[in-house]
Amino acid sequence: MRIHLSQTDSTNRVAREEAVAGAASGTVVWADSQVAGKGQYGRSFVSPAGGLYFSLILRPALSPDCLPFITLATGLACSDALARHFLVDVQLKWPNDLFLQGKKLGGILCETLFESHLSPAQATVIIGVGINCTGGKADFPQELRPLVTTLGEEYCGAIDLAALLEILVAEIQATVLLLPSERSSLLDRWQKHDYLFGQSLRYRNGEERFIGVGKGIGEDGRYRLVDAQGCEHAIIGGQLRPLFWPEDE
Ligand code: BTN
């Protein structure tokens, strides 16, 4: 089922409500714009008209250890599908950002819904994806314009958002279902799009801060950094950014 809204607060919020009410796995909520789009770590996600904003409800029956990899699988699926259909090279910034030509093209926010009467393997996952598509930088607040891009800025042809939605949903579903059997090869494929690899990075998580060089993703899904003393760190949360970005962005 497809639920298409011209505007909503957040498709993830609506999808969660639909999931709790019993919506089938495979249901998609999508919107032309969002007024309270949610990003990772409680941040907001600016969602003007011209973008594709959707949330896919999945009950993939995966073992709980696969759940943290769904964001990575979704990023890979988006990158592969966009490369195939628009000939663009979308890079993945661990854990959930899509980058094009060094600017943010979109992001992913996966939320898991555990219900008390169901086992963790029956958890519902809400896979939220936002991609800047047909608009331009002018649709974004002034302070974001140097940091974002849209598909339309790199691709000259027409972009049919409804068709793109179906392409992405199919690719995400197929990729997520490979997680139990092909996690390692999915991670290898993910590494080929790693935006942070080899870059000098700043890591911040509360009081913990250090600078290191990006070494790619580990088998456990954590991102690996080597600091100036040669120590390897494997990180799971916090903020990881290229050193050349302004510190407060
Ligand atoms: C991020 O950049 O931190 C993640 C952004 C995820 C945005 C998408 S848009 C569709 C879905 N609904 C939301 O409120 N967020 C996700």
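1. Start with the ligand. A backbone N or O atom of Asn-12 sits 3.4 Å from a ligand nitrogen, and a polar side-chain atom of Gln-34 lies 3.0 Å from a nitrogen atom of the ligand. On the oxygen side, a polar backbone atom of Gln-40 is 2.7 Å from an oxygen atom of the ligand. These are listed as polar contacts, meaning pairs of N or O atoms within 3.5 Å; within protein, one must be able to donate a hydrogen and the other to accept it, and residues adjacent in sequence count only if both atoms are side-chain atoms.

2. A word on provenance. This is a predicted model, with local features needing pLDDT of at least 70 and side-chain atom pairs counting only at pLDDT 80 or more, while totals for chains, interfaces and linings use all residues. Residues are numbered from 1 along each chain as its sequence is written, and side-chain values use heavy atoms, with hydrogens and water left out.

3. Back to the ligand's surroundings: 20 residues surround the ligand, and the closest are Ser-10, Gln-34, Lys-38, Gln-40 and Lys-104. A residue counts as near if one of its heavy atoms lies within 4 Å of the molecule.

4. The largest has a volume of about 950 Å³, and of its 48 lining residues, Arg-43, Ser-44, Phe-45, Asp-97 and Lys-104 are closest to the centre. For the record, a pocket here is found on a 1 Å grid over the protein atoms alone, as an open set of points where a 1.4 Å probe fits, with protein on both sides within 12 Å along at least five of seven lines; lining residues have an atom within 4 Å of a point. Grid points are joined across faces, edges and corners, and the volume is the space filled by probe spheres set on the points.

5. Who builds that lining? At least two residues each come from α1 (11–20), β3 (51–58), β5 (97–100), β6 (103–113), β7 (124–132) and β12. β6 gives the most, with seven residues. Helices (H or I, at least four residues) and strands (E, at least two) are DSSP runs, numbered from the N terminus. By class, the lining splits into 22 nonpolar, 17 polar and nine charged residues; Ala, Val, Leu, Ile, Met, Phe, Trp, Tyr, Cys and Pro count as nonpolar, Asp, Glu, Lys and Arg as charged, and the others, Gly among them, as polar.

6. The second largest pocket holds about 320 Å³ of space. Its lining has 19 residues, with Gln-40, Pro-68, Phe-69, Thr-71 and Pro-95 nearest the centre. Both α2 (70–86) and β6 supply at least two residues to this lining, which by class has eleven nonpolar, five polar and three charged residues.

7. Pro-95 deserves a look for its backbone too: the peptide bond from Trp-94 to Pro-95 is cis, with omega near 0°. Pro-95 falls in the loop between β4 (91–93) and β5. Another spot to check is Leu-87, in the loop between α2 and β4, which has a positive phi of about 55° although it is not a glycine.

8. On to the sheets. Seven strands make an open sheet of mixed pairing, ordered β1-β2-β3-β7-β6-β5-β4. β1 (2–8) and β4 are the edge strands, each pairing on one side only. Two strands pair if DSSP finds at least two bridges between them. Neighbouring strands are turned by 20° against each other on average, direction ignored; the axes are lines fitted to C-alpha atoms, for helices over the stretch in contact, with angles from 0 to 180 degrees between N-to-C directions.

9. Within that sheet, β4 and β5 run antiparallel, joined by three bridges, and Lys-93 stands opposite Asp-97. β5 and β6 are antiparallel with four bridges, Leu-98 facing Gly-106. Their hairpin has two residues between the strands, and Gln-101 takes a positive phi near 50° there. β6 and β7, also antiparallel, share eight bridges, with Glu-111 and Ile-126 as bridge partners.

10. The other sheet is open and antiparallel, with five strands in the order β11-β10-β9-β8-β12. Its edges are β11 (232–235) and β12 (239–242), and its neighbouring strands are turned by 40° on average, direction ignored. β10 (223–227) and β11 pair over four bridges, with Arg-224 opposite Ala-234. In their hairpin, which has four residues between the strands, Gly-230 takes a positive phi near 85°.
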